[in-house]
Amino acid sequence: MSKLARTLRSALTRHAAAALVTVGALTAAPAFAGAWSESGDAGDTQATAQWTAGNALSLSSIGGALSSLTDVDLYVIRVLNPALFSATTVGGSIMDTQLFLFTLSGAPVYMNDDADGSTFQSSLPAGDAFGPASAGLYLLGVSLSGNDPVNAVNDFLFAGGLLTDVRGPATSIQPAVLAGFTGGTWADEQGEYSIQLSGAAGAAAAVPEPATGLLAALAVGLCVLPSSRKSRRKEASASAQ
Ligand SMILES: [Ca+2]
Ligand SMILES: [Ca+2]
Ligand SMILES: [Ca+2]
C-alpha cells in the first residue's frame with residue numbers, strides 16, 4: 001500500500017471516529033461509500049478472511065495482490081441486495097483469476113474462472129440462478145485459475161464445467177464446506193487485482209438507517225476534507241525534500 005493510501009486511511013479512521021463523536025448517539029458506525037484495499041495479505045480460510053470495513057453504504061471495489069502462485073484472498077463482504085450483487089475482475093487485472101462466493105461458514109455459492117472466451121478474468125454476474133439468495137455476510141474469494149477450493153476430503157466444492165461457465169455447488173459431497181485449496185495452477189503469474197462490486201457493502205460496519213447514514217456521511221466528509229489537504233501538503237513537502 002502506498003504511503004499516501006496509508007496516510008489517507010489513517011486520516012479516515014481518525015476523523016471517522018471524530019465524526020462519530022460529533023454525530024453522537026445518532027449512529028453506531030462510520031458510513032461512506034468506497035473501496036477496500038487488502039491490508040497485508042487476506043487469509044484463505046473462514047477464520048483468516050479479511051473483514052472489509054468502513055463502507056456501510058456501498059463497497060464498490062476491493063483491491064489487492066496475489067503475491068504467490070498459491071495465494072488466495074478471502075474477504076468478508078455484506079451482500080446488501082442479492083438481486084443486484086455482482087463481482088468482476090474483468091478490466092481489473094491481467095492475471096488469470098477465479099472468483100468465488102461462499103457463505104460466511106464456507107459453503108459454496110457460485111464461481112467463475114473466465115467471464116467469456118475473450119478474457120481470462122472472472123465475473124460473478126448479477127441475477128444468476130446460482131447467485132446469493134439472501135442479503136447478509138458472505139466470503140468473496142480470488143485465486144489463480146486452477147487453484148480450486150476443496151472440502152476436508154479433497155472433493156471440489158463447485159460443480160465441474162467449462163472455464164466460462166458460472167458454476168454452482170457440487171452435488172452429493174460431504175461436508176460441503178471449505179477446508180482449503182488445491183494449490184495447483186497453470187497460471188505462472190503474480191500481481192495486483194481490482195474486484196469491482198455491485199449490491200455490496202463493507203462487512204464490519206453496521207448498516208445505518210438512511211437518515212442517520214446521511215448524517216454520518218456528511219460528518220465524515222466535513223472532517224476528512226481538511227485532513228486530506230493536510231496529507232497532500234505533507235506528501236508534497238516530503239517529495240520536495
Ligand atoms: Ca493477497
Ligand atoms: Ca492470501
Ligand atoms: Ca480465469
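In this predicted model, Ser172 sits in the loop between strand 11 and strand 12. Its phi is near 60 degrees, a positive value in a residue other than glycine. Most residues other than glycine have a negative phi. Ser172 has 6 C-beta neighbours inside 10 Å, so Ser172 counts as exposed.

The loop between strand 11 (166-167) and strand 12 (180-181) also holds Pro175. Pro175 is joined to Gln174 by a cis peptide bond. Omega for this bond is about -5 degrees. Most peptide bonds, by contrast, are trans.

A positive phi is also found at Asn154, which is not a glycine. The value there is about 65 degrees. Asn154 belongs to the loop between strand 10 (149-150) and strand 11. Asn154 is exposed, because 9 other C-beta atoms lie within 10 Å and a residue with 12 or fewer is classed as exposed.

Strands of a sheet pair through backbone hydrogen bonds, either parallel or antiparallel. Strand 1 and strand 3 (residues 59-66) run parallel and are joined by four bridges. Gly34 has Leu59, in strand 3, as its bridge partner.

How values were computed: Residues numbered from 1 in each chain as written. Chains lettered and ligands numbered in written order. Predicted model: local features only at pLDDT ≥ 70, side-chain atom pairs only at ≥ 80, totals over all residues. Helix = DSSP H or I, 4+ residues; strand = E, 2+ residues; numbered from the N terminus. Buried ≥ 20, exposed ≤ 12 C-beta atoms within 10 Å, placed from the backbone. Pairing = 2+ DSSP bridges.
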